[in-house]
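Have the sequence and the model open side by side as you read.

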Protein chains: 2
Amino acid sequence: MKEVSMLDVPASCTREDANAIRALAMDAVDRAKSGHPGMPMGMADVASVLFRSFLKFDAADPHWPNRDRFVLSAGHGSMLLYALGYLVGYPGLEIEDLKNFRQLGSKTAGHPEYGHAPGVETTTGPLGQGLATAVGMAIGERLANARFGDAIVDHFTYVIAGDGCLMEGISHEAIDLAGHLRLGKLVLLWDDNHISIDGPTSLATSTDQALRFEASGWHVQKIDGHDFSQIAAALRAAKEDPRPSMIACRTVIGYGAPNKQGKESVHGSPLGAEENALARKALGWEHPPFEMPQSILAGWRLAGSRGAPVRAAWIETLAASGKSQEFARFLEADVAEAIAAPLKALRETAAQEKPKLATRKSSENALGVINAATTATIGGSADLTHSVFTLTKGLGVVAPENFSGRYIHYGVREFEMAAAMNGLALYGGFIPYGGTFLVFSDYARGAIRLSALMGLRVIYVLTHDSIGLGEDGPTHQPVEHLASLRAMPNLNVFRPADAIETAECWELALNARSTPSVLSLSRQNLPTLERPVSENLSARGGYVLQEAEGARDVTLIATGSEVSMALEAAKLLAAKGKRAAVVSMPSFELFAAQDAAYRALVLGTAPRVGVEAAVRFGWDRWLGERSAFIGMTGFGASAPADALYAHFGITPEAVAKAALGVIGK
Amino acid sequence: MKEVSMLDVPASCTREDANAIRALAMDAVDRAKSGHPGMPMGMADVASVLFRSFLKFDAADPHWPNRDRFVLSAGHGSMLLYALGYLVGYPGLEIEDLKNFRQLGSKTAGHPEYGHAPGVETTTGPLGQGLATAVGMAIGERLANARFGDAIVDHFTYVIAGDGCLMEGISHEAIDLAGHLRLGKLVLLWDDNHISIDGPTSLATSTDQALRFEASGWHVQKIDGHDFSQIAAALRAAKEDPRPSMIACRTVIGYGAPNKQGKESVHGSPLGAEENALARKALGWEHPPFEMPQSILAGWRLAGSRGAPVRAAWIETLAASGKSQEFARFLEADVAEAIAAPLKALRETAAQEKPKLATRKSSENALGVINAATTATIGGSADLTHSVFTLTKGLGVVAPENFSGRYIHYGVREFEMAAAMNGLALYGGFIPYGGTFLVFSDYARGAIRLSALMGLRVIYVLTHDSIGLGEDGPTHQPVEHLASLRAMPNLNVFRPADAIETAECWELALNARSTPSVLSLSRQNLPTLERPVSENLSARGGYVLQEAEGARDVTLIATGSEVSMALEAAKLLAAKGKRAAVVSMPSFELFAAQDAAYRALVLGTAPRVGVEAAVRFGWDRWLGERSAFIGMTGFGASAPADALYAHFGITPEAVAKAALGVIGK
């Protein structure tokens, strides 16, 4: 690690260098008349030492794969990140961008948005999740290191988190998992400023954070966050210690604003002209807003190019290693070709053998061929491995000091699993998938939303997807979750009906490069349905699985475990001389994306009946006015699955009856 | 606390008494062919000592207000609770009920469901939430104690939690808050069995739980969970210590099943006939399934009536105190009468003065009169007090050693806030409300679901309810949350349009005794709309705010901040000679509950345009086929609110244009 050590020069920054951040932060917030000056002003010293003397990066290439990652978990302090980015000279981040802070179309959004400003490694703002996502990045580093070795992948992940991050429950999941996996290259800088929005943190917390982190196996230090030499010494020690490190940086929020510093009023409101002027005076910052003295900027730009030779050496090392192509392919993580043939073969076998399988089991079969065809996938489960069937043969389990495996026991931590998967997807090279019960997507929802907002290829394997799970009862039976997930933008929700659709939906999920996917899978066995397998029919979202013989009297639209029920109902209707078409609709989203003509063809003009063991909410879009719906109207109950289906009236007979009711309407 | 001490007799139970629980648990699970025998068998000894020698209760009255609360946070071990309930003799819990474990309509659901079997203080199963809810109950005890004194309210709250509960993030929020508030009458028994579903807990966690709890100010003990005298001594010490107590009970999961104990295989599957027989032998339990020897049952029933004299004395004490009526009224917590007049006056004032106010501000005004009219309300916020406006004058802040206030700073802990509110509502006497941003309902969703499932009057004050929040950007802007909450059964989602509707919706929420409510409130100012205030029009869910002059050409349906926009659009349409009616629909749920004739009258037969700064998902039910929708189709952005509304095309002009498009369709 010669290169990395070279970067560890003694802290070479002055208070004035840090004040450059403070000035930009307060000026940008004042100009926007909105934002959070307190945190950037409080953490400017810590961040300056980190960026000028420790962080391995080359501003010329914010995407250099072996850069240290820096995550601002306290995302409301976004101006810290933007100020740093401008000062070190990230390409395309100009002073004009800082002037446009929080304006429509600017790169400098109110909270750091992934894909907007360079240097934003992940979208942050929802508290705790930056830290939780960074844990995923730090896992990604170790996984990639295990594949490519120290010369190609070897870097740190730094996080700045606030009191709010550490109060949120997800911080526990993140800290526990990081400590367990001994992620020694993860360094957390806690902005220990004693202030939250409501007032002093003593209003709501008494936890000894140092002890808490030690309890989870972390290395802990406490420093004065305004003392440059303490900051540098702590960062050095943190890097040397084999455990993940937490540095409690005692800071003054809004440092430099004489009347507001140390108070909650400086957290989330502009300083205003008067206090801004007083702060300038107090800080000895004589320059007009957004004007950066050349001498100060030059020092920062030098820091920004400090990693250039390191990056150049790395490029040479990679070239000399003979692994350039492999590494590029790894980063690309394009699996379309590799999985196409084996998944097609799987579909053909299923069409021939017609197994009666739970779709969670069909998913395991699909994963078997996927995980054999590519090494990009990183599996895991929130302690339901043997129920969600996410661990396939030979995948290897990730453990402390052993990152050669591809399966992570995330523990009973749905939220951290989701956030860590975001981190893995952001890291590059990996396609994370993770399993739990559909109902517990509620626990992970905050991170699923960030998958969708960032456009990450993260795959949620959510099984036991209806009352079909049976005896565990209403706490474990999703009824509103399909609707609540379908309501989320940029999330594909797949509910396959059988082994064939399950293989199809896995293929679609793996190839959706900028959209996360939910696979909603049954606990109970389902028959394999009769249909051609030459084409991935699920790609259309919905399709006519069985056309009526002659003009349709009714169209039955179903998903997942209720598709076979709709086919049964069609038989019952045929016996009464009624012609029913059956539409399988594994994905509302993909169906909505088809052209109107195709949709009209599938939906037809006959009255419609929707069938899904869940609430109707969201279905009316497909049903129209002459329609009925067979599903749930409230929470489930505890009983064997068959008894529940009968009890809640979700049966072929009920579907047929509802169809007869709407025919001729 | 004379009565309580009287109960602390030395542990008077034998292994055989505890084996009664083990036998019932393994037999019921075997009979149901489904369930979790491991935990009840492992914790039978701990639970026996607790119920026989410590827990203050009288089986004859499971609802005695001054009983100790017992929460099984590890809800999958429900047979522990049912076995105990049967053994101590809760009325209406018979051996037949245990035989019907996990069957349709039985009281003995797979996980403990509130309102089913007696002795179930809260629905548990979603891990971590039992503990988090118990923290709310323990707060409730202190709040009630502050009002009525030690003679009337003075009891403990006991929780059994498993490894999963302590891995979940919410456990951190619960532990931190409980430690901070020094809830000394909260005792957590941790089933420290080293096993989770995937295998040994060492697969996923390395946290030193004892140290972790100490870091948050808890009293911690470690014991052998199968040693009766250690259990009793620890419980005694826990009760004496002024801090909340955690007792790490080292146990063997599935204790007694010779081939399966100590393994994950005993966690969630029936033992099966063979292992069941071997376990009987190993435990020395010679009795047939579900047969309880009279001698053993008699001992348990004695334990069940142990508290009878204590309860009798309490009844006398209450009567003698002269507070009987006040206490009964407290428990009743019926505020309908008290709030009716002041809220009506508020509406009348608003109708006269026509303030332009954010509905979050109107909510504060409503809360001002509500909190003055009743003491049942317990407010709070997850560290956004000054943004969600939940703290009204003179409410008083709850602090360690001071529970006379009615406002809780929950900290940056949305999930714990929601779970604690569930606990307060379950405790009785209180109507909890708590505030955060609508978008962060995602973090609390697991507990909101339990509010709905249990039918608790919990009120979620969710502000900043659209892109109208402006610069904070897409991480803070809900677009799918209204839909995802409306999808949930038994949850009323209110989105009031102005000061008048806000007062109305508060009244409806406070009077909905078995349904939780969401109040979705704007950050931005909204005009007061012209309408009669003699009646609570929001009670109908939706109503014609402004009828068209003559036959309708179009019906504009809007909610919250978009209702005034719809009125503007109607004006634009009138200028073009088109007659538009405007419907305000503050609650989909209440509107859906109206009769078809009323709904038809409101919706009319003209084409419709829906307007809401959120996704369309779920709206089609009200729009029909000749319709348009003006709202969001994806995530928001960071910019001033006005710029965002214009950018996303949510304007009166866009509504009018859409209306012209559908007229004549």
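1. Let's start with helix α27 of chain B, residues 652-662. Its buried residues (under 20% relative accessible area, 1.4 Å probe, protein chains only) are P652(B), A654(B), V655(B), A656(B), A658(B), A659(B) and V662(B). Helices here are DSSP runs of H or I, at least four residues, and strands are runs of E, at least two, numbered from the N terminus. This is a predicted model, where local features need pLDDT of at least 70, side-chain atom pairs count only at pLDDT 80 or more, and totals for chains, interfaces and linings use all residues. Residues are numbered from 1 along each chain as its sequence is written, chains are lettered from A and ligands numbered from 1 in the order written, and side-chain values use heavy atoms, with hydrogens and water left out.

2. What do the buried residues of α27(B) pack against? Their partners in chain B are β17 (554-558), α22 (563-575), β19 (608-615) and β20 (627-632). Just after the helix, G664(B) has a positive phi of about 85°.

3. Now for the two chains together. Y443(A), R449(A) and F617(A) supply 10% of the area that chain A buries against chain B, more than any other three residues.

4. The rule finds 6 salt bridges across this interface, where a side-chain nitrogen of Lys or Arg lies within 4 Å of a carboxyl oxygen of Asp or Glu. R445(B) and D442(A) form a salt bridge at 2.9 Å, N to O.

Note on methods:
Buried means under 20% relative accessible area, exposed over 50%, partly exposed in between (1.4 Å probe, protein chains only). Contact means heavy atoms within 4.5 Å. Buried area is the accessible area (1.4 Å probe) that two parts lose on being put together, summed over both.
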